[in-house]
Amino acid sequence: MLGGSISGGRTNVRVVVVGDRATGKSSLITAAATETFPEEVPPVLPPTRLPADLYPDNVPVTIIDTSSSLESRGKVAEELKRADAVVLTYACDQPSTLNRLTTFWLYEFRRLEIKVPVIVVGCKLDKRDEEHHMNLEQVMAPIMQQFREIETCIECSAANLVQVPEVFYYAQKAVLHPTAPLFDHETQALKPRCVRALKRIFILCDHDMDDTLNDEELNEFQIKCFSAPLQPAEIVGVKRVVQEKLPQGVNDMGLTLTGFLFLHALFIEKGRLETTWTVLRKFGYNDEIKLKDDYLSIPFKKAPDQNLELTSEAVEFLKGVFSTFDTDKDGVLRNSELDDLFSTAPESPWGETPYKDAVERTPLGGLSLSAFLSEWALMTLLEPAQSLANLIYIGYNCGAASALRPTRRRSVDRKKQQTDRNVYQCFVFGPKGSGKSALLKSLLGRPFSENYAATTDEHYAVSVVDRLGGTKRTLVLREIPEDEVKMLLSNKESLASCDVAVFVYDSSDEYSLKRASELLMTVARRGEISGFMMPCLFVAAKDDLDSYPMAIKDSAKICQSFGIDAPIHISVKERDLNSVFNRIVAAAEHPHLSVPETEVGRSQKRYRHLVNRSLMFTSVVAAVAVVGLAAYRSYAARKNTSS
């Protein structure tokens, strides 16, 4: 693996030079720019530019000199916050300036939250006498252990032009080819995300899928990354190096994944980070070792009331992936199998909320095919770009247009009185203690629990619902905590993504019903104002408890006043769900039905009808008048002609 490097798209590197007074900052910069030692330099130099062709990456370097005076501290802090890298100087003939690195400067960088690579540079190497001689590696090793932001240390002499260009080469290299994302110095190993990316690249290059890179595949890889072929002797040499250090890195068929990873670790240990970065960038990775945004662009302009769903092609791909990684063929992906499946992604995407507890899992935490596809449906609904990225990470080799499809707008669905969606999102509203969380858990087949804990954050539950005729639809329940409703509705597009809203109340509690009706009023009115109306359902939970005397009459009256269906009575505790999920899906499938109307909305609707009728009447009268006038003029003209 030979060749040059690519810089990750940067067009300039800004290096800020700081350090104590008289440590040689300005002389270092001048010597780097002019290749001469200045007899006199001003207190602070203006920005200095090193040309692009000075270093192999062909990226210019802008060097910012700074003052060491107390009154300039504010300006120095501003420059540091704009830096891509920092050169921190000490004077080789003044040991006190070396001590200041750890007693002031490096802690000051942390206080200012400067998170860029630091190059520690000892200037005035020519002035160090034997009395102050030191082993740089021994002195700096504990400092670098404590301050991981230090990328490298170097000593130089501006007067003798010794190692001056190298200072800014290392600074530029630390920005263009950073060590931190790739390698853990403490464990002396590649970092997990780097391993995952290199594993994906290895699999992509293993065209015959025999878990090795043969000579032809190695050569193709070399040409793709470095635009130059490997000679047969070079291929032999690469494999010999691996085999000597790591016998399992090579077998009769070629270079194994273990050997491929070993080679990159070797490059990094030898300071050739540009080699690994070139490989990563050629395969679309950014400095965080994630696919770059331009690899994940979605070619659809989406209205607020449109969603993106997986295409049938993407779903079939995922079914194939499930089958491949279900190694024991038990119809379930165990945690270890899931880890293996996502071992080429930066991390497993479902380890955190909202995905972690959103689907039904087996007692050992595994996923059935239905639950697996449900997780993908949820991720596509909430984060389509992330869903696309993970499809690509696990081997989907087509573009966004073949993986994702935009649904029709909900406003169009209402007019057509049908929908083209396969995934429905249902917002679940209700007062505290009404049974919202229990409804979500029942969708996932989880047992009822008497332990109550108020919901403070939004939760999701997603599952496949079987419909009549054998069709399947994916239902996403999104629980909205009562205290979060006002904040949610403050966004005028908040209801655009809602296919159907459910209002849950405790059927044994009169206040719970009253509060649910207030929430229905608030949401329905917000829908009328924003234009994002949706079907709404009332759900009478805890039907196993005795209802208060007027419960049925009151709830029926509320539903009638809004023009929605009668309440659906359920008891999660008794497992009597009254086909509630099928009824939610049915409501979503008929977006023109059970859409609530408030009294204000009705009044405005009547007013619009009156205005429209008045305009129509006025138009008819005007038309009659025009016709009458035309007839009169025709009559008068004939009369004059006959006279």
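A salt bridge here is a side-chain nitrogen of Lys or Arg within 4 Å of a carboxyl oxygen of Asp or Glu. By that rule, the whole structure holds 36 salt bridges. The model is predicted.

**Domains**
- The protein chain splits into domain 1 (11-175), domain 2 (187-290), domain 3 (293-405), domain 4 (409-596) and domain 5 (605-642).
- Between the C-alpha centres of domain 2 and domain 4 the distance is 53 Å.

- E316 and K319 form a salt bridge, at 3.4 Å from N to O.
- Both residues sit in helix α11 (residues 312-325). E316 and K319 are three residues apart, about one turn of the helix.
- K319 is partly exposed, with 34% relative accessibility.

**Pairs across the sequence**
- E482 and R515 form a salt bridge, at 2.6 Å from N to O.
- This pair links distant parts of the chain, 33 residues apart. E482 is in the loop between β18 (472-479) and α18 (485-489), while R515 is in helix α19 (residues 510-530).
- E482 has a relative accessible area of 15%, so it counts as buried.
- D506 and K542 form a salt bridge, at 3.7 Å from N to O.
- D506 belongs to strand β19 (residues 500-506) and K542 to the loop between β20 (536-541) and α20 (551-562), so their pair ties together parts 36 residues apart in sequence.
- D506 is buried at 9% relative accessibility, whereas K542 is partly exposed at 28%.

**Network**
- Salt bridges with shared partners connect K432, E482, D483, K514, R515 and E518 into one network.

Methods. Residues are numbered from 1 along each chain as its sequence is written. This is a predicted model: local features need pLDDT of at least 70, side-chain atom pairs count only at pLDDT 80 or more; totals for chains, interfaces and linings use all residues. Side-chain values use heavy atoms; hydrogens and water are left out. Domain bounds come from an automatic or database domain assignment. Helices (H or I, at least four residues) and strands (E, at least two) are DSSP runs, numbered from the N terminus. Buried means under 20% relative accessible area, exposed over 50%, partly exposed in between (1.4 Å probe, protein chains only).
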